[in-house]
Amino acid sequence: MKLTKCIMTKEVVNEIVELFECLNNLTRWPSFTGDRRYNQLNKLALENVICYMIAEEQRHHGIAIDLREFPKIALRKAFKRSLAANIPRSLEEWICKHPEIDIEKNDFYRATADYVCGIDKEFADFLFKNVKTGIEAQIYSFASELASYIELLSLKNQTNREDLFMMEIKNKIDKIHQFTYLYGYDRFSNLESPEFKLWQEIAYLRNQSRWMLYSRAVECSVLGHLFDTGVIAYAMTLEENPKDEELAARMFFMGLFHDVSETWTTDIPSPYKELVRGLREASERYESEMIKKNIYDVLPDYMAKAIKAVMFEEPQNEGYFKLVKGADYISADTECLRNYNSGTRDYHFYNAVRSNSPKIESGYLKVSPIWREKHLEILKKMETIKKGLKDC
């Protein structure tokens, strides 16, 4: 469905924020671990980073790829997962194949579409009408299987259910083997390739907690933050430029890659960067060197060029800095709200949201009208809770 007008409404934005919280709560691999870092939000971030690189490999070989499809695939999957929770795919497959059960695979997505339609019909039409099942869907499926495989490999020493674990590994390898026809398959599925090793390193961002100095009620990882920021950048672009889906998709991937450097630098608190004179500039220089060493210097030139196209630190992307940073800060707002919703009353979370207001008002951050309204709504809610505590 081609957009002719803005589909971003207050209701859609509210649902997206709730979606982030839900995905962060939805843990994965309960048969092997209770580690909440293995959750749907982190998985979506990783698989979309992988997806971009696989797509660029196909483009390098002359295959026409529509990058506009990937954010929509990701959002459809996110909404479906938020409704289905941890219902295993094997159960869905069994239900669909059972001769006495009248449920088809598409019925699950129809149910998701109906749910989104209840939020906003035009947004639902945008996501679910005229869904393409071509090369983009195949690339995304390959990326998803690789992301799951990477998760499983990192869990290898955390489970005592060896037989079940090895069965899951074999099942994942079998699914990955279905994509041998895609360009780059041999490299992307090879545990020793620079691409696979890079994805494994990025996956460890699930272990890096944001807000680590505060009394947290819920963990927010750097990896999950990448997906939040990508979706918010995408949504803000669609709000202000509804006819430019191509730009919106680019902002989605720019948001996804914006903190990838923290794989090697960790998340240095912004207040500390301001306290130590010159630290911000020095850390940015170090980040650039780490990106060059661990990404640009180890990947083929065409892949490095493709990644540079979505790194907002690169000179050619200077014009998008304010929007991506705006999405970055709004993502931080939603994480603070997530913690307040989960019970923490650490005043630092309220101060973090409040400190964003001058940056938005001054224009240092570019935040679209509806997301600006969401920022103020989050701030007001946290102020109300804070006031209520004082009155007790």
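Predicted model: local features only at pLDDT ≥ 70, side-chain atom pairs only at ≥ 80, totals over all residues.
Local features need pLDDT of at least 70, side-chain atom pairs count only at pLDDT 80 or more, and totals for chains, interfaces and linings use all residues. Residues are numbered from 1 along each chain as its sequence is written, and side-chain values use heavy atoms, with hydrogens and water left out.

**Aromatic pairs**

Rings of Phe, Tyr and Trp (its six-membered ring) pair if their centres lie within 6.5 Å; planes under 30 degrees apart are stacked, over 60 edge-to-face, the rest tilted. The count is 19 aromatic pairs. Two of them are tabulated.

| Pair | Centre to centre | Between planes | Type |
|---|---|---|---|
| F142 and F179 | 5.2 Å | 25° | stacked |
| Y234 and F252 | 6.1 Å | 70° | edge-to-face |

F142 lies in helix 7 and F179 in the loop between helix 8 and helix 9, so the pair ties together parts 37 residues apart in sequence. Helices here are DSSP runs (H or I, at least four residues), numbered from the N terminus. F142 is buried at 0% relative accessible area; buried means under 20% (1.4 Å probe, protein chains only). F179 counts as buried at 8%. Y234 and F252 are both buried. They also belong to one aromatic cluster with Y52, F70, F227, F253 and F257.

**Helix 17**

Helix 17 spans residues 321–341. Of its 21 residues, 18 are buried, so the rest of the structure largely encloses this helix. Just after helix 17, G343 takes a positive phi of about 115°.

How values were computed:
Helix = DSSP H or I, 4+ residues; strand = E, 2+ residues; numbered from the N terminus. Expected span 1.5 Å × (residues − 1). Buried < 20%, exposed > 50% of the residue type's maximum accessible area, 1.4 Å probe, protein only.
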